[in-house]
Amino acid sequence: MIQELIRFIREVPWEGGDAGGAFADLALRSFRLQCESIPEYGAYARHMGAGPDGVRDWREIPAVPASAFRSHDLSARSEGDEAVTFETSGTTISLPGRVRLRSTELYEASLSRNFARHLLPDRAALQAIIFGPPRSEAQHSSLWFMADHVARELCAGATWIVEGGEPRWERADEELARSVAERRPVLLLGTTLLFHAYFARCAREGVRFALPAGSRAMDTGGAKGTRVEIRRDEVEAAFARVLAIPPSHVVNEYGMAEMGSQFYQDTLLATKERRRARPGFVIPPWVRTRVLDPETMRERPRGVPGLLVHYDLANLEIPLAIQTEDVGARAESRLTLEGRLPEAERRGCSLPFERFLERERERVAEGEP
Amino acid sequence: MTQGLFDAFYLPPGVAEEAETSVQRFGPAHDSVELRLATVTPAAIGRWIDALRAARAERLARRPAAEIHRALERVAQRFLDPGSAPRRSAMAWLQRMGQFSAPMIERALEDTFRPLASGGVSRWVASEVGSVAALDAPARDRRGIPRRATGPEWMLQIYAGNVPGLPVWPLYSALAMKTALLAKTSSMEPVLAPLLARTIAGEDPDLAACMAVVWWKGGSTELDRAAVRDAPAVLAFGGEHAIASIAREAYPDARMVLHGPKVSVAYVSRASLTRAGLGGVAARAAYDVALYDQQGCLSPHAIYVERGGDVGPAAFAAALGQALEELRDGLPRRVLEAEHAARVQLYRAQAHFEAALESRGTRVLTSSQSTDWTLVYEDGARFEPTPAYRTVRVHAVSGAEEVADALAPAARYIEAIGVEAKGSERGKLAGTFASTGIPRIAALGSLQRPALTGTHGGVHRILPFLHWSTVDLGATAAKTRRPPPKGRKRS
């Protein structure tokens, strides 16, 4: 099964590429396998009246709430021989959830193809500057696992800016200055919040770098779940102002530990293809996203926002169907996310649920520099 | 009624003329409301505070308290009159803000203003201060000691917008103790407080000269600081971060009452679970859950139901579901933003997960084809706040001790417990719950109607801000006013 999925993820065409219904077939087979290999998931599916024998359409595959990763073990059984354990963050109260994978092959297949297309469409081999910790310092973070993989497999070398939980800005300065001096473009990769902090520090100290053309950045996370409000246009303006990276070379990523696949903006790809960037994030062809009316849970028409349920073929050892609390809209294979209510506006003498959430998120955010 | 622009601020004459204003949009993009706001700057805040202090000295400090209270009572009466301009304006603009349905706003205005009308302000003040006269001159307290109560020169009040009517009692409390007021409204509900201020101005210009009601974006550090820095007293409602930042910025000697986020719960005894009584109990519980869509700190998120009655907790849960269903039309919920509805759906899915996998007998009851109400039933007491908007947990329990133990770790987040019980068990249950430190124990069905003379967050509404001058001149104490005798004895 895993080899079939890897082959599909590596080979399915980006545009209009699933004529034979291969996605549906693989999704249903994965689902049936998961009902057995992940007993909690199988019990849930049967409880919802959608067990392995009852489901005929991939859309009927019961989606697990992202919060269930925290309350239950939703990874395929293993005897302690998992290769990685990722901690999930930020959907509901209780302890962080866990994603245990015996094999990271699927995850890496999805990541490599998707990242290369959206960050390295010119197949450049760049030096990476990672605004985050090396994997050895963040063993349970899927994000820093991803950065590590990108650095190893797709880059000419890498430097990590966070060490011992502390950002080492002077290290970033050094690497960026070297890039300028040697006229060697770089790839920056990190969380929006950490970039934001670096830009604020650069503004305070009057530091700027005119990075050579071809330099690019991937930022992830936005300011979701934090009290900092960062507008997208401000992020882009800061990349241009401080690093001379134009908005066409800044790619935002949306992902979660509960999914093996990520979603990227197509800004850089559009530049390569000499067309306008399309709004939103690209849904890779091995992922389907359903947009549901949050009141009725019925599918919403194209372009109308609703709650997002993702079906990801890169999820084999964890359920492939994930119900999120994210709200967005879909048009063809693109996804636009709706902003959350600004945290500062959510005041009141009630709402402890939000408060608990916020505290939980902060805790996670602090663990993840 | 909602034609044209609404002035979502009130500044007294003298400073109003020089204030700059701008028009801003509030609410969701597809249905936003345009409101005119005063432009707030640190310098403007400073000027307003000076003007308020001067106005208080000239026009408020030496007025008899009873006269002030009568003016405030007349204003309350106007908001109770369905035909009056302020009442109609309040209804229209609160509806326009889209937070609550019309029947809920009606209820809120009634429950907020009724206790203040017809001598209500004086009774309230007397219940906390001892006597109204003590605000004018030393008056003998219950032990015969002459004391005078003085409110702070001015105070800062920061409102939340989670329940309609929230600003009214705080605003009244300031004027009732002759304190000038700078009030900051919430972006969720910036209309009632300025409307109330304008109505007071129409009734009693001297009172209104001592208050300013404006909005600025919470977390605007410079503005927050300018308002809080020198405030001799602060009353604030808000999230934990907002509250913490106010506490940090405030003057060390300031009298502060800060209301952070809280929720409530309810308890139903087995004796009250009879076949005949079930419908009524369920209706009272449903009303407490539905009113203000669980946005208030008095909204129950969990209902603990004793096993062993004529009807069991599961039957109560079913009846509660039915009662919530009836309120879909009777007391409609507001239309939810997608992200709130998505959170309710995620909560439901999580509950289904628990139902599938755990042995607590979890059952999930929901409104069909909507998020209008959600009920999660399970065995055993525990406390977990829900995402609100009529999402409630029902727990089957063995008794009050089990509930008190479950609530203990979260006690500081619980504002009230609604109790349904019969006869002598009421007192016993009240005793058990009072020992957990929960500030309010109320009858089920009236959780959201706190007494004006009661407490909020366990503290009084006026008393914490007063300071006292006690006359201690021995037996030859000078002339002091005595409180009017209670019930004249025949001589």
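These legends describe close-up views of a predicted model.

**View 1. Chain A as a whole.**
Chain A holds 11 helices and 16 strands. Of its 369 residues, 49% count as buried. Among contacts in chain A with a separation of 6 or more, 67% link residues 24 or more positions apart.

**View 2. Strand β10 of chain A, covered on both faces.**
Strand β10 of chain A spans residues 250–254. All 5 of the 5 residues are buried, so the strand is largely enclosed by the rest of the structure. In a regular strand, side chains alternate between the two faces of the sheet. On one side of β10(A) sit A:Val250, A:Asn252 and A:Tyr254. On the other sit A:Val251 and A:Glu253. Both sets are buried, A:Asn252 and A:Glu253 included.

**View 3. The partners of β10 in chain A.**
Strand β9 of chain A (residues 216–220) runs parallel to β10(A), and 4 bridges join the two. A:Asp219 stands opposite A:Asn252. Strand β11 of chain A (residues 263–265) pairs with β10(A) in the antiparallel sense, over 2 bridges. There, A:Tyr254 has A:Phe263 as its bridge partner.

**View 4. Two residues with positive phi.**
A:Met297 is not a glycine, yet its phi is positive, about 65°. A:Met297 lies in the loop between β13 (287–292) and β14 (306–312) of chain A. Is A:Met297 buried or partly exposed? A residue needs 20 or more other C-beta atoms within 10 Å to be buried. A:Met297 has 19 C-beta neighbours inside 10 Å, so it counts as partly exposed. B:Lys178 also is not a glycine and has a positive phi, about 60°. Its loop runs between α6 (168–176) and β7 (180–184) of chain B. B:Lys178 is buried, because 23 other C-beta atoms lie within 10 Å.

**View 5. The two domains of chain B.**
Domain 1 of chain B covers 6–261 + 457–467, and domain 2 covers 263–443. Their C-alpha centres lie 33 Å apart. In domain 1 of chain B, 12 residues are in contact with 11 residues of domain 2. The domain 1 side of this contact has 5 nonpolar, 6 polar and 1 charged residues.

**View 6. A three-stranded open sheet in chain B.**
The order is β4-β5-β18, with antiparallel pairing. β4 (139–140) and β18 (467–470) of chain B stand at the edges. Each has a single partner strand, so one side of each is left without a neighbour in the sheet. β4(B) pairs with strand β5 of chain B (residues 146–150) over 2 bridges. B:Ala139 has B:Arg147 as its bridge partner in β5(B).

Strand β14 of chain B (residues 374–379) is mostly covered, with 5 of its 6 residues buried. Strand β13 of chain B (residues 363–366) and β14(B) are antiparallel, with 4 bridges. B:Val364 is partnered by B:Val376 in β14(B). Strand β15 of chain B (residues 391–397) runs parallel to β14(B), joined by 6 bridges. Here B:Asp379 has B:Ala396 as its bridge partner. β15(B) also pairs in the parallel sense with strand β12 of chain B (residues 300–306), over 5 bridges. B:Ile303 stands opposite B:Val394 in β15(B).

**View 7. The largest nonpolar core.**
In soluble globular proteins, nonpolar side chains tend to be buried together. The largest nonpolar core here has 267 residues. Those with the most contacts inside it are B:Leu181, B:Val234, B:Ala286 and B:Leu320. Helix α13 of chain B (residues 338–357) gives the largest share, 10 residues. Which residues does B:Leu320 contact, leaving aside its neighbours within four places in sequence? They are B:Ala282, B:Ala285, B:Ala286, B:Leu375 and B:Val394.

Definitions and conventions
Residues numbered from 1 in each chain as written. Chains lettered and ligands numbered in written order. Predicted model: local features only at pLDDT ≥ 70, side-chain atom pairs only at ≥ 80, totals over all residues. Buried ≥ 20, exposed ≤ 12 C-beta atoms within 10 Å, placed from the backbone. Pairing = 2+ DSSP bridges. Domains from an automatic or database assignment. Contact = placed C-beta atoms within 7 Å. Nonpolar A, V, L, I, M, F, W, Y, C, P; charged D, E, K, R; others polar. Core = buried A, V, L, I, M, F, W, Y, C linked by C-beta atoms within 7 Å.
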